[in-house]
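This report describes one protein chain.

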Amino acid sequence: MPKVVCPYCKQKAFVVKNGRRHNKNSVKQKYMCNHCEREFTFDDGFLRMRKKKQHIVEAVDLFEKGPSLRDVMDHMWQHHRMKVSPETIRSWVRKFSRKLKGFVSTLRPEIKGRVHADEVILKVKGEKCYYWGAKDAETRFRLSTAWTRKREYKRGAKELFRKLKHNCIGTPSKIVTDGLEHYRRAFNKYFLYTTTLVHGSL
């Protein structure tokens, strides 16, 4: 990992870790520069944001795929119980849309236990679409997503479970879905020998 550069004196040879800063939405590594004797927190692009960076990424990603600001706002409330205004989402899109691709490629959320997978119907410009999501039952964090025009297997359930398998840390103890056959096919492909599939609700 590259050396962290002090934002004040621009030195990196003298920077050392100096504990962690805990707040409501995240845990940040703190640093001390032994050259200028100042403390700082590395800016990962989400410094001082009031919402979790994973939720910001999800909102921006969803908006970029077509739904309106109001649809995204409703989605964040229904799935995360997070109140956010259309104006806030718009500001996130302006600030983070360029950074989204690079950040998502480095994001590997940790699976804590059971995972609930389902699909939500949204309307984009009057056309019905499907937003697929897999959510950790303990943390309520959305671990993987997919977006399709139809309720299909390849780009829907299969893509959702592929991301859950390869883009996350750990293995779910159980995966809970409805009775859609697409979920069973995707489960058999990626989790047949490591996880239990159940139908129902969390």
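E119 has a relative accessibility of 14%, and because buried means under 20%, E119 counts as buried. The model discussed here is a predicted one.

The side chain of E119 forms a salt bridge with that of R151, at 3.3 Å from N to O. E119 is part of strand β4, while R151 sits in the loop between β6 and α4, so the pair ties together parts that are 32 residues apart in sequence. R151 is partly exposed, with a relative accessible area of 37%. In general, side chains of opposite charge can pair when their charged atoms come close.

The loop between β6 (142-148) and α4 (153-166) also holds E152. The side chain of E152 makes a polar contact of 3.2 Å with the side chain of R155. Leaving aside residues up to four places away in sequence, E152 touches W132, A157 and H182.

**Other salt bridges**

The structure holds 7 salt bridges.

| E119 | R151 | 3.3 Å |

Where do the partners E58 and R142 lie in the chain? E58 belongs to helix α1 (residues 53-64) and R142 to strand β6, and the two are 84 residues apart, so this pair links distant parts of the chain. E58 is buried, with a relative accessibility of 6%, and R142 is buried as well, at 5%.

Elsewhere, a network of salt bridges links E159, R162 and K163.

**The nonpolar cores**

In soluble globular proteins, nonpolar side chains tend to be buried together. Which residues touch the most other members of the largest nonpolar core? They are F161 and L164, in a core of 22 residues. At least two residues of this core come from each of β4 (115-124), β5 (127-136), β6, α4 and α5. Helix α4 gives the most, with 5 residues.

Not counting residues up to four places away in sequence, F161 touches A117, I175, T177, Y183, A186, F187, Y190 and F191. Another core, of 20 residues, lies apart from the largest one, and its members include V60, M73, M76 and I89.

**The chain as a whole**

The protein has 5 helices and 8 strands. Read from the N terminus, the order of the elements is β-β-β-α-α-α-β-β-β-α-β-α-β. Of its 202 residues, 42% count as buried. The protein exposes about 12200 Å², and carbon and sulfur atoms supply 48% of that area. Among contacts with a separation of 6 or more, 47% are between residues 24 or more positions apart.

How confident is the prediction, and where is the mean pLDDT lowest and highest among the elements? The average pLDDT is 84, and 86% of the residues score at least 70.

Terms used:
Residues are numbered from 1 along each chain as its sequence is written. This is a predicted model: local features need pLDDT of at least 70, side-chain atom pairs count only at pLDDT 80 or more; totals for chains, interfaces and linings use all residues. Side-chain values use heavy atoms; hydrogens and water are left out. Helices (H or I, at least four residues) and strands (E, at least two) are DSSP runs, numbered from the N terminus. A polar contact is a pair of N or O atoms within 3.5 Å; within protein, one must be able to donate a hydrogen and the other to accept it, and residues adjacent in sequence count only if both atoms are side-chain atoms. Contact means heavy atoms within 4.5 Å. Buried means under 20% relative accessible area, exposed over 50%, partly exposed in between (1.4 Å probe, protein chains only). Accessible areas come from the Shrake-Rupley method with a 1.4 Å probe; for residues, only the protein chains shown count as cover. pLDDT is the predictor's confidence in each residue, from 0 to 100. A nonpolar core is a set of buried Ala, Val, Leu, Ile, Met, Phe, Trp, Tyr and Cys residues joined through side-chain atoms within 4.5 Å. A salt bridge is a side-chain nitrogen of Lys or Arg within 4 Å of a carboxyl oxygen of Asp or Glu.
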